[in-house]
Amino acid sequence: MMTEISDSLKPGDALFIVDVQKDFCPGGALPVEGGDTIVPVINRWISAAVAKGVSVYASRDWHPMGHLSFKERGGQWPPHCIQDSDGAKFHPDLALPNSTIIVTKGVRFDLDQNSAFDQTGLAVQLRKDGIRRLWVAGLAEDVCVLATVLGARREGFDVVLIEKATRPITAEGGEKARCQMQAAGARFINENK
Ligand SMILES: [Zn+2]
């Protein structure tokens, strides 16, 4: 099983983990159903990436208090992932290596940043690191994963979504998101592990 994952990973690849934070898991402020069930799957990919010398990136939603995406400010969401709060922490079982490159988003007062590529300078960093292809996992499939995959494709990166390592807020939203990602040229890997 590990061998198969390792065989998939090549030089020029990165593993990109979107927003696997406590607030997006059951018990959190904006939970995705089954959000925590993807953690063991992602951990297997992390092990394989580390073994192969493939970089691991992890984005985090990181909002100031009273962010414009919150309902109290006319936004769409309950308050979530407030900077330095417990809910903003990565899931405790997520085995991020010390070498993980953290991408912080959602910090701006004037806009939300669903995509890890939205005004973070990420594309520049990835190109500097010689990255051409992203293996994407994380939450939520129909919001920040979708936006990040579309952002990556717009910047010219190859993208493979690890289907067992992501969950949508709604099943319908997930289906729509997969159509959009496919139309944008993302590929999918669906493994029984
Ligand atoms: Zn947010």
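These legends walk through several close-up views of a predicted model. Residues are numbered from 1 along each chain as its sequence is written. In this predicted model, local features need pLDDT of at least 70 and side-chain atom pairs count only at pLDDT 80 or more, while totals for chains, interfaces and linings use all residues; side-chain values use heavy atoms, with hydrogens and water left out.

**View 1. The whole chain, for orientation.** Let's start with the overall layout: the chain has five helices and six strands (DSSP runs of H or I with at least four residues, and of E with at least two, numbered from the N terminus). From the N terminus on, their order is α-β-α-β-β-α-β-α-β-α-β. Of the 193 residues, 51% are buried (under 20% relative accessible area; exposed is over 50% and partly exposed in between, with a 1.4 Å probe and protein chains only).

**View 2. Strand β1 and its covered faces.** Here is a strand to look at from both sides: in β1 (residues 13-18), six of six residues are buried. One side carries Asp 13, Leu 15 and Ile 17, the other Ala 14, Phe 16 and Val 18. In a regular strand the side chains alternate between the two faces of the sheet.

**View 3. The partners of β1.** Strands pair if DSSP finds at least two bridges between them. Six bridges join β1 to β4 (residues 133-139), and the two run parallel; Ile 17 stands opposite Ala 137 there. Five bridges link β1 with β2 (residues 55-61), again in parallel, and Val 18 has Ser 59 as its bridge partner in β2.

**View 4. The zinc site.** Three residues supply the protein donors of the zinc ion: Asp 61 (OD), His 63 (NE2) and His 80 (NE2), at 1.9 to 2.1 Å. Donors are N, O and S atoms within 2.8 Å of the metal (3.2 Å for Na, K and Ca), and sites may look incomplete as water is not among the atoms. The donor spacing in sequence reads D-x1-H-x16-H. Asp 61 and His 63 are both buried.

**View 5. Glu 163 and its surroundings.** Glu 163 belongs to strand β5 (residues 158-167) and counts as partly exposed because its relative accessibility is 25%. Beyond neighbours within four places in sequence, Glu 163 is in contact with Arg 178, Phe 188, Ile 189 and Asn 190 (heavy atoms within 4.5 Å). The C-alpha atoms of Glu 163 and Phe 188 are 6.5 Å apart, although 25 residues separate the two along the chain.
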